[in-house]
Amino acid sequence: MGQSNKETAAPGLISGEEMRLAESCMAAALRSGADQVRVSLGKSVLDSYSMLNGVLDKVSHSADRSIFLYVFADNRYGTFSTNMLDEAELAIFAERAVKTVGMLSEDRCRRLPDPSLTALDAVSGREAGLYDIGYGRMDTGRRLAMAEGECIFGKCHAPEGCRVISEECEYSDSVDDNYLIDSNGFAGRHTETSFAVCSEITVEDRLGNKYSGYWWDSSPFLATLKLGRCSAEALARAVRQIGPESHEGGRMKMVVDASVSSRLVSPLLSALNASSIQQENSFLKGSEGKEMFCRGLTITDAARTPGKPGSRLFDTEGVATEERDIIRQGKVGMYFTNTYMALKMGIRQTIESASRPVLMPYRCDGGEIRPEAGSFGAKEIIGLCGDGIYVTGFNGGNCNSTTGDFSYGIEGFLFKDGEIRNPVREMLITGNMVQLWNSLLYAGNDARECTRWQIPALCFEKVDFSG
Amino acid sequence: MDCNYHLDRFKVTVPQLGQLVAAALSRGGDYADLYFEYSTYNELLLKDGEVTSGGFHIDSGVGIRVLKGDRTGYAYSESTDMPDMLCAAKAAAQIAGGSGTSPAPAGSKACTGAPAPDFYPTLEKWGSCETSQFIPVLEKLESMIRAKDSRAVKVIAKLSWSESEIMMYNSPGELVCDSRPMGSIVATVIFSQNGKNENKTSSRSFRKGVEMITDALLEEIADEAVAGIDARFAAIRPKGGRMPVVMGAGASGILLHEAMGHSFEADFNRKGQSVFSGMTGRKICDSSISIADDGTIPFNRGACNYDDEGVRGQKTYMVKDGVLVSYLHDRISAKHYGVEPTGNGRRESFRYNPIPRMRATYMENGTASKSDLVASVKKGIYVDEFSNGQVKIGEGDFTFYVKSGYLIENGRLTAPVKDLNIIGNGPRALADITGVGNDLTIDNGTWTCGKDQSVPVSCGIPSVLVKALTVGGN
């Protein structure tokens, strides 16, 4: 599918009549006594076709629409929603909402964002480049064919000594359309399509032990969706786990696969949320502008990368996104701060959350990283590391948001002399997030194209494993 | 329950329900059902000493499901206008794939037989009260917490309540209705001591009306929110390794839910994915152990007068005297296995098709006392608060984060521990239970199970000794 396809006019889901409903809901709230109002009208359609062992198992069609109403009245604030979009009922809904807000306590920091901060360039919904007009040509036959195309049950040969117990595959596509307006005059629209395939395969070894493997791909555009590969990858992932060995644990190097590495970034971004900081519930309180981590750690919010997952022009307040350094060379560049928290804490307003965080490649030894995506991934990093544990999945665990202390269950493989050996099971890692990110040795350039968070394979030294 | 109120609410008649089912079966489906829902959800949030945010949310629609053998077609409409519902029925009908003819609409079998017991009769509906009435509740809770511990620097308290009106109709002509209340209070407290912070959360949730709010309940939540905070500040991470673990009564039941309960859900077994597939009738643990999933505990968060397929709420034993006796079934798996549904077909809302889900899952009492179990351990840990559990259904491997507990040394609880994980294998851990306490406690926190969809559940367990699990530490 060429670029021209993406740019061709397409209607999205929200009709002119529905936009007028959103505006009438805002007007009703203002008439009922609200000082400021924001209305978010969302519509989405999702179709999915699920296969079990090569046979169609479930067909699902979902079509949603809802209005969220944010009311600011007499320095008070409330959030309301309904999916009953009849104009007369919406007027009653808005009146009730304003009345409810009047019962809450005053909070002078509640208000709409300054109009100068809001996005002006999200008019048609397609500016983020995430709408595939080919979506309109999807039909039952094509969807079913793509679901069937993922299946390998009965056609694949599992390695000797194991058999495939079950295969669950799914094809799905969706379109989401959001229209956001406020009483300061902001109007923005974001429309995106998504196409996805996934597969989960369970195999059984000679001893009756079961192992499962999962793989998926997704894209805003059907043409770039990697079809027909998920089941083979899921099967390979299941088979690789056969015959795990216990490991006594110890302090070792840890390489984390790109498919799961975002698990270790998530606590950092959560801790940079101003709300957590204001509530004394963040281990990164007081960190802005300080070098908290190893200089190899740089995370940028590439919010405006048209056509890429996560790209958006405005947040849920209508505030315009921009490219920003979240962390640069270990120094914290920003907190995630919405209008309310900025006023409450007396700090600069940024954006409420990261859109498309990108963790940049890094080598502690200063070696060259070729620019082609995927040229420096887990395999290359393992080759550089010698011995350690290669983590391919996390199984439960938590990070204490107040202290940064974490403990996660992991699954993966022992590697020695740069080569992957046996799978390991029932292992845990423990540590502290700040210390962990100060022990970063390598960050690859192999983040998965299909993910909103662009986090590559990572390597840390001196990680505590228990087995 | 008289369904006329619900028929009026959704502006449909029984003949129209029959037309919808006929449309759903128009391509040759074996069975069809309709799930009407009108839900209101309200919340109030106290932060920094004041209730400065709140709101309400309305969600309404109808889900239409068609079954053809084990296969499912599902669609829903947010409007209950007939043309919109007929459109959804035709979309769901696709699963049958044929060009069959519409069967004649079935009549209604509503209100036949003995009425189902009501496990959550409501004295005062939430919707009959003004929101302002509940603001002092949160203010009082905050005052109670601060009065109990001066180290509480932040209190976030949330009160939420919902009421769902449900009407279900199916192709055999069964019509049932249910009114489901739910009230929940959650308090999260940040404590500060000598420059260090710790947090603690306490919650209670019941299928009750406004009458659930009492001073005694607030006192209970406040007590729990500050309990053990000295130990939390003093807690260490112990040296890791394999060791005996004593699970405290009550909230440790979440381990039972995650590590074993999901593996008993019949959809995983029907597909051959569960570690317990093909094991009904086999002894899987000590004869002193019985495990049940129960939708009949009055006012419990997991209680169901009917499940979301119109099957009556009931108590189901999965393990009786150490033998695996039943899976947890929805209508699809029950038909597959040739058994009666167990009332476990549940869903998040009309947007989702029902699947086998737990309700209140617990292990029944044994004979040991908690102190006996602890005394029998030379070196291990005692755990009283878990979170963030995860299980791999096929392998049965699970991991749980331990928020608080104690070392056991020479049969005594000694140093407090926190922020560590235990990891193990569900069937093996079940087989490794060597002692069951006599102190079964159902935990009434805001437990929500997230298997594809979110549904309210609860869990419970007596004190239990597992002879060896891997504990992650320094």
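Strand β2 (residues 55-73) of chain A and strand β3 (residues 71-77) of chain B run parallel, joined by four bridges. This is a predicted model. Within that strand pair, A:His61 faces B:Ala75 of β3(B). Strands of a sheet pair through backbone hydrogen bonds, and the pairing can be parallel or antiparallel.

Step back to the whole contact between the chains. Here 51 residues of chain A meet 62 residues of chain B. On the chain B side, strand β2 (residues 50-68) of chain B gives the most, with 12 residues. What classes of residue make up the side of chain B that touches chain A? There are 31 polar, 18 nonpolar and 13 charged residues on that side.

Now take chain A by its domains. The domain assignment places domain 1 at 3-240 and domain 2 at 249-466 of chain A. Their C-alpha centres are 25 Å apart. The contact between them involves 24 residues of domain 1 of chain A and 18 residues of domain 2 of chain A. On the domain 1 side, the elements that give two or more residues are β4 (162-182), β5 (187-205) and β6 (210-219) of chain A. The largest share comes from β6(A), with three residues. By class, that side of domain 1 of chain A holds 10 nonpolar, eight charged and six polar residues.

Next, chain B as a whole. The chain has 11 helices and 23 strands. Its C-alpha trace spans about 75 × 55 × 35 Å along the principal axes. For 474 residues, a compact globule would have a radius of gyration near 23 Å; chain B has 24 Å, so the two agree. Of its 474 residues, 58% count as buried. Take the contacts in chain B with a separation of 6 or more: 74% of them join residues 24 or more positions apart.

One sheet of chain B deserves a look. Six strands form an open sheet with mixed pairing, in the order β10-β9-β8-β13-β22-β19 (chain B). Why is one side of β10 (323-324) and of β19 (441-443) of chain B left without a neighbour in the sheet? Both strands stand at the edges and each has a single partner strand, so one side of each has no neighbour there. Strand β10(B) is joined to strand β9 (residues 315-320) of chain B by two bridges, and the pair runs antiparallel. In this pair, B:Lys320 has B:Val323 of β10(B) as its bridge partner.

A helix packs on this sheet: α7 (residues 253-264) of chain B. Helix α7 of chain B touches β8 (291-294), β9, β13 (360-363), β19 and β22 (458-461) of chain B. The direction of the helix makes about 110° with that of β22(B).

Conventions:
Residues are numbered from 1 along each chain as its sequence is written. Chains are lettered from A and ligands numbered from 1 in the order in which they are written. This is a predicted model: local features need pLDDT of at least 70, side-chain atom pairs count only at pLDDT 80 or more; totals for chains, interfaces and linings use all residues. Domain bounds come from an automatic or database domain assignment. Two residues are in contact if their C-beta atoms, placed from the backbone, lie within 7 Å. Ala, Val, Leu, Ile, Met, Phe, Trp, Tyr, Cys and Pro count as nonpolar, Asp, Glu, Lys and Arg as charged, and the others, Gly among them, as polar. Two strands pair if DSSP finds at least two bridges between them. The radius of gyration is taken over C-alpha atoms; the globule rule is 2.2 Å times the number of residues to the power 0.38. A residue is buried if 20 or more other C-beta atoms lie within 10 Å of its own, exposed if 12 or fewer, and partly exposed in between; C-beta atoms are placed from the backbone. Axes are lines fitted to C-alpha atoms, for helices over the stretch in contact, and angles run from 0 to 180 degrees between N-to-C directions.
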